[in-house]
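Please open the model in your viewer and keep the selection panel at hand.

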Amino acid sequence: MLVIPGVFTPRAVAFEPITVALLAPVALKVYEAAEPRLVRGAAAGGRKMLQIGANLVDIFRLPLGAIQMTLGAPFGFFGDGVSNIAKGAIAPVKMVGNILVLPFALFGVNL
(Lines give C-alpha, C1' and ligand atoms only; values in the text may rest on other atoms or scores of the structure.)
Protein backbone atom coordinates (compact mmCIF):
# COMPACT_ATOMS: atom_id res chain seq x y z
CA MET A 1 0.00 0.00 0.00
CA LEU A 2 1.36 3.36 -1.03
CA VAL A 3 1.24 5.96 1.72
CA ILE A 4 1.54 9.60 0.77
CA PRO A 5 2.49 11.71 3.77
CA GLY A 6 0.08 14.50 4.56
CA VAL A 7 -2.74 13.27 2.32
CA PHE A 8 -4.45 10.74 4.57
CA THR A 9 -3.21 12.01 7.89
CA PRO A 10 -5.86 11.41 10.54
CA ARG A 11 -6.74 14.36 12.68
CA ALA A 12 -9.13 14.85 15.56
CA VAL A 13 -11.72 17.58 15.64
CA ALA A 14 -13.53 18.24 18.89
CA PHE A 15 -15.92 20.79 20.34
CA GLU A 16 -15.12 22.53 23.52
CA PRO A 17 -17.57 21.74 26.32
CA ILE A 18 -18.33 25.44 26.66
CA THR A 19 -19.33 25.68 22.98
CA VAL A 20 -21.65 22.69 23.33
CA ALA A 21 -23.21 24.18 26.47
CA LEU A 22 -23.80 27.50 24.70
CA LEU A 23 -25.31 25.94 21.56
CA ALA A 24 -27.55 23.38 23.28
CA PRO A 25 -30.40 25.82 24.06
CA VAL A 26 -30.35 27.09 20.48
CA ALA A 27 -30.46 23.56 19.14
CA LEU A 28 -33.42 22.73 21.40
CA LYS A 29 -35.36 25.76 20.14
CA VAL A 30 -34.69 24.76 16.53
CA TYR A 31 -35.83 21.22 17.26
CA GLU A 32 -39.02 22.40 19.00
CA ALA A 33 -39.85 24.57 15.99
CA ALA A 34 -39.20 21.75 13.49
CA GLU A 35 -40.77 18.88 15.44
CA PRO A 36 -44.36 19.19 14.11
CA ARG A 37 -43.11 19.21 10.53
CA LEU A 38 -40.83 16.24 11.19
CA VAL A 39 -43.64 14.23 12.77
CA ARG A 40 -46.06 15.11 9.95
CA GLY A 41 -43.48 14.13 7.33
CA ALA A 42 -42.65 10.86 9.06
CA ALA A 43 -46.34 9.96 9.38
CA ALA A 44 -47.12 10.79 5.75
CA GLY A 45 -44.02 8.93 4.57
CA GLY A 46 -44.94 5.90 6.66
CA ARG A 47 -48.46 5.83 5.21
CA LYS A 48 -47.07 6.07 1.69
CA MET A 49 -44.60 3.23 2.37
CA LEU A 50 -47.48 1.06 3.62
CA GLN A 51 -49.32 1.79 0.37
CA ILE A 52 -46.22 0.77 -1.60
CA GLY A 53 -46.10 -2.48 0.37
CA ALA A 54 -49.77 -3.14 -0.38
CA ASN A 55 -49.06 -2.52 -4.08
CA LEU A 56 -46.20 -5.01 -3.92
CA VAL A 57 -48.51 -7.64 -2.43
CA ASP A 58 -51.13 -6.87 -5.11
CA ILE A 59 -48.60 -7.67 -7.84
CA PHE A 60 -48.80 -11.32 -6.72
CA ARG A 61 -52.48 -11.33 -7.71
CA LEU A 62 -51.39 -11.63 -11.34
CA PRO A 63 -50.06 -15.22 -11.13
CA LEU A 64 -52.82 -16.11 -8.67
CA GLY A 65 -55.41 -14.94 -11.17
CA ALA A 66 -53.76 -16.92 -13.95
CA ILE A 67 -53.93 -20.07 -11.83
CA GLN A 68 -57.56 -19.38 -10.95
CA MET A 69 -58.47 -18.83 -14.60
CA THR A 70 -56.81 -22.02 -15.81
CA LEU A 71 -56.90 -24.63 -13.05
CA GLY A 72 -59.80 -23.17 -11.08
CA ALA A 73 -62.14 -22.52 -14.02
CA PRO A 74 -63.92 -25.90 -13.71
CA PHE A 75 -64.56 -25.11 -10.05
CA GLY A 76 -66.06 -21.65 -10.63
CA PHE A 77 -62.97 -19.50 -10.00
CA PHE A 78 -62.78 -18.00 -13.51
CA GLY A 79 -64.43 -14.69 -12.48
CA ASP A 80 -62.18 -14.35 -9.43
CA GLY A 81 -59.18 -15.02 -11.66
CA VAL A 82 -60.15 -12.25 -14.08
CA SER A 83 -60.58 -9.85 -11.14
CA ASN A 84 -57.19 -10.79 -9.66
CA ILE A 85 -55.44 -10.42 -13.02
CA ALA A 86 -56.92 -6.94 -13.44
CA LYS A 87 -55.86 -5.87 -9.93
CA GLY A 88 -52.42 -7.45 -10.43
CA ALA A 89 -51.91 -5.66 -13.73
CA ILE A 90 -52.81 -2.25 -12.24
CA ALA A 91 -50.65 -2.71 -9.11
CA PRO A 92 -47.24 -1.91 -10.72
CA VAL A 93 -48.62 1.36 -12.12
CA LYS A 94 -49.97 2.31 -8.69
CA MET A 95 -46.66 1.34 -7.07
CA VAL A 96 -44.63 3.50 -9.46
CA GLY A 97 -46.96 6.42 -8.75
CA ASN A 98 -46.62 5.95 -5.00
CA ILE A 99 -42.83 5.70 -5.27
CA LEU A 100 -42.71 8.94 -7.25
CA VAL A 101 -44.86 10.70 -4.63
CA LEU A 102 -42.86 9.30 -1.66
CA PRO A 103 -40.24 12.13 -1.50
CA PHE A 104 -43.03 14.71 -1.32
CA ALA A 105 -44.80 12.69 1.38
CA LEU A 106 -41.63 12.69 3.48
CA PHE A 107 -41.86 16.49 3.54
CA GLY A 108 -45.45 16.32 4.77
CA VAL A 109 -47.21 16.96 1.46
CA ASN A 110 -50.34 14.81 1.33
CA LEU A 111 -51.04 13.84 -2.28
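Contact here means heavy atoms within 4.5 Å. With that cut-off, among contacts in the protein between residues at least 6 apart in sequence, 64% join residues at least 24 apart. The model is predicted, so that local features need pLDDT of at least 70 and side-chain atom pairs count only at pLDDT 80 or more, while totals for chains, interfaces and linings use all residues. Residues are numbered from 1 along each chain as its sequence is written, and side-chain values use heavy atoms, with hydrogens and water left out.

Begin with the whole protein, coloured by secondary structure. It holds 3 helices and 0 strands in the order α-α-α along the sequence, where helices (H or I, at least four residues) and strands (E, at least two) are DSSP runs numbered from the N terminus. Switching to a surface, you have about 8,900 Å² of accessible area, 75% of it belonging to carbon and sulfur atoms, as computed by the Shrake-Rupley method with a 1.4 Å probe. Of the 111 residues, 17% count as buried, that is, under 20% relative accessible area, with exposed meaning over 50% and partly exposed in between (1.4 Å probe, protein chains only).

Next, select helix α1 (residues 17-59) together with helix α3 (residues 78-106), which pack at an angle of about 165° with their axes 8 Å apart; axes are lines fitted to C-alpha atoms, for helices over the stretch in contact, and angles run from 0 to 180 degrees between N-to-C directions. The two are therefore roughly antiparallel, a term for angles over 145 degrees. Show side chains at the contact, where G41, A44 and G45 are among the α1 residues and K87, G88 and A91 among those of α3. The residues of this contact divide into 13 nonpolar, 6 polar and 4 charged, counting Ala, Val, Leu, Ile, Met, Phe, Trp, Tyr, Cys and Pro as nonpolar, Asp, Glu, Lys and Arg as charged, and the others, Gly among them, as polar.

In the contact, α2 contributes residues including R61, L62 and L64, and α3 residues including F78, D80 and G81; the division is 8 nonpolar, 5 polar and 3 charged.

Finally, centre on G46 in α1, which is partly exposed at a relative accessible area of 28%. A distance drawn from its C-alpha atom to that of L106, 60 residues away along the chain, reads 8.2 Å.

Notes:
Parallel < 35°, antiparallel > 145°, perpendicular 65-115°, else oblique.
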